[in-house]
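Let's take a walk through this model together, with the sequence and the 3D view side by side.

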Amino acid sequence: PDDSLSECGRTLLRTNFNKDAAAACKVSSPPTRASVNDLGLARFVLGDYVTAAALFHKAIFEEDEELESFELAQADRLELFASLPGSFPVRSLNSVKSLAWTLQLLNSPAMAATAWNAAQSVASYAAFNEAGDVPGGDMRVILVEGGGLSVFDFDIPRRVCGHRSMARNSPHPYGAEAVGLAEDPYELYLDLVRRQLTHYTHANSAEGAFREALGDGPCSDPSDAGLCLGPWDLWYSPSGLSGGNVCETDPCPATGNNPAHLISLQLMVEDVLARNVPGDLLEAGVFRGGFIVFMRALLAARGEKERRVIAADSFEGIPPGSTLGVAMDFMVGRLQDKGPGEEVIIDEEGSMEAEWDDMYVAGREELLGNLRRFGLLDDRVTLVEGYFNESLPSNPNINALSVIRLDSDAYESITDTLSALYDKLEVGGYVVIDDMHVPAVQMAVRDFRIKRGVTSPLVPVPGDYVYGCSMGRVPDLVGDKLERYRHKWMGMAFLPFVGYWIKEV
């Protein structure tokens with residue numbers, strides 16, 4: 001709600017997070033939690049992630065009387081990185097999310113995991129638990145989420161959260177969302193492509209987990225048709241509630257990602273087309289080719305006949321000896337599984353020696369087969385085969401680029417692709433980084449941005465309504481129905497693991 005924003009927050013929204021507007025932001029007098037948070041977001045826009053994290057920290061933990069004597073000294077910024085408390089107050093959820101993402105960008109995965117775990121706990125408590133005479137849900141979640149903007153209020157995340165093809169935003173009942181797109185054949189086509197790429201039309205991957213949680217009785221109740229099916233929403237994953245790239249069907253789904261990330265890529269491509277940013281679309285690390293298929297489908301639906309879609313991959317998996325690491329969702333799982341009073345130690349380096357050599361291997365024929373099944377294999381798709389340090393530099397088939405999407409998991413692979421491709425990316429084009437929940441990827445991105453002096457905001461793509469988008473008003477349900485429906489309303493996916501920035505110079 002606009003009345004929960006500070007003057008700084010309203011200015012950031014009005015100017016689409018313009019850097020000049022961010023530089024002019026100040027804390028209100030007297031300071032409020034929202035104004036401290038929004039000043040943190042202004043510092044985030046300017047690329048000062050250390051100060052931004054300190055301000056988000058203050059907005060979460062300092063009591064009102066402490067905020068009244070607001071002052072940000074160098075000691076405050078350094079003190080933040082000593083530790084995070086194990087429990088968070090039930091407030092300022094937007095600040096918690098922004099803090100967690102900023103810690104990822106600062107390559108502090110253990111503390112970021114602690115903050116993401118807190119975001120889930122605060123959201124769950126606000127939605128489904130009573131506090132004195134105030135029941136969970138209703139306006140209480142909105143109040144807890146308040147206290148200023150979050151990193152998910154930038155243009156692309158905000159439009160992903162409100163996309164009309166998703167069940168939560170559709171004016172039509174569950175199972176009829178596509179009817180609302182019928183007047184727009186372009187959107188209807190892309191929505192159906194997304195449903196097929198994720199295998200939503202093939203087998204609802206969430207049903208097994210929901211049946212396990214709720215039992216066969218509720219799932220078979222004719223009055224609750226569809227209770228145990230995952231709705232067509234941002235967080236739906238072809239690999240079930242656990243996400244990832246598990247495949248238990250033949251053929252496998254073309255992508256293990258959820259609809260949110262396909263929608264975000266659609267919005268980015270549409271943006272470069274609208275602004276006439278020249279160049280082809282490239283993905284490095286294509287796996288089974290879901291995003292290649294989607295980008296080709298989008299260009300075909302737009303009647304775009306000049307740009308190509310470039311698929312770069314070794315088709316042999318991640319190179320042996322790559323620097324990887326345990327993903328942060330594993331760290332969060334350890335935090336959530338701890339027993340009463342149990343101390344959980346998470347290696348801040350994220351166990352960088354982890355081996356993923358046998359993961360994410362898909363041959364070129366699997367990519368080509370998926371393109372054929374969608375009728376999209378033509379001369380506007382170009383394959384670049386080989387390890388990136390050998391195949392990408394000085395490649396004559398790669399010229400101007402408007403979108404580069406990097407999904408290669410390892411420090412060396414991300415570094416090699418950014419080094420080879422960034423100078424070919426046109427100003428105004430997008431860099432999209434998958435696997436920002438992997439410590440090695442966080443480190444590679446941070447090192448490259450520092451080396452090249454990149455200060456464009458690195459913004460997360462939301463994948464659900466807990467870690468990412470606002471939950472909004474929780475349905476007014478009590479007792480048994482609350483227990484039976486909460487799994488759908490929370491709708492949690494992986495931690496935010498896709499980030500992007502727009503090339504400014």
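## A glycine, then the rings

G369 has a relative accessible area of 12%, so this glycine counts as buried, the cut-off being under 20%. Keep in mind as you look around that the model is predicted. You will find G369 in helix 17, which spans residues 364–373. Across the fold, R288 is 81 residues away from G369 in sequence, yet their C-alpha atoms are 9.2 Å apart in space.

Now turn to the aromatic side chains, where the structure holds eleven pairs. In one of them, F44 and Y49, the ring centres are 5.1 Å apart and the planes meet at 45 degrees, so the pair is classed as tilted. F44 has 0% relative accessibility and therefore counts as buried; Y49, with a relative accessible area of 10%, is buried too. Ring pairs join F44 and Y49 with F17 and F154 into a cluster.

Another pair to look up is W116 with Y467, an edge-to-face arrangement with 5.9 Å from centre to centre and 90 degrees between the planes. W116 belongs to helix 8 (residues 109–128), while Y467 lies in the loop between strand 6 (459–460) and helix 21 (479–490), so this contact ties together parts that are 351 residues apart in sequence. Both W116 and Y467 are buried.

Finally, rings also meet charges here. The charged end of R168 sits over the ring of Y465, at 3.8 Å from the ring centre. With R449, the charged end is placed over the ring of W501, 4.9 Å from its centre.

Notes: Residues are numbered from 1 along each chain as its sequence is written. This is a predicted model: local features need pLDDT of at least 70, side-chain atom pairs count only at pLDDT 80 or more; totals for chains, interfaces and linings use all residues. Side-chain values use heavy atoms; hydrogens and water are left out. Helices (H or I, at least four residues) and strands (E, at least two) are DSSP runs, numbered from the N terminus. Buried means under 20% relative accessible area, exposed over 50%, partly exposed in between (1.4 Å probe, protein chains only). Rings of Phe, Tyr and Trp (its six-membered ring) pair if their centres lie within 6.5 Å; planes under 30 degrees apart count as stacked, over 60 as edge-to-face and the rest as tilted. A charge sits over a ring if NZ of Lys or CZ of Arg is within 6 Å of the ring centre and within 35 degrees of the ring normal.
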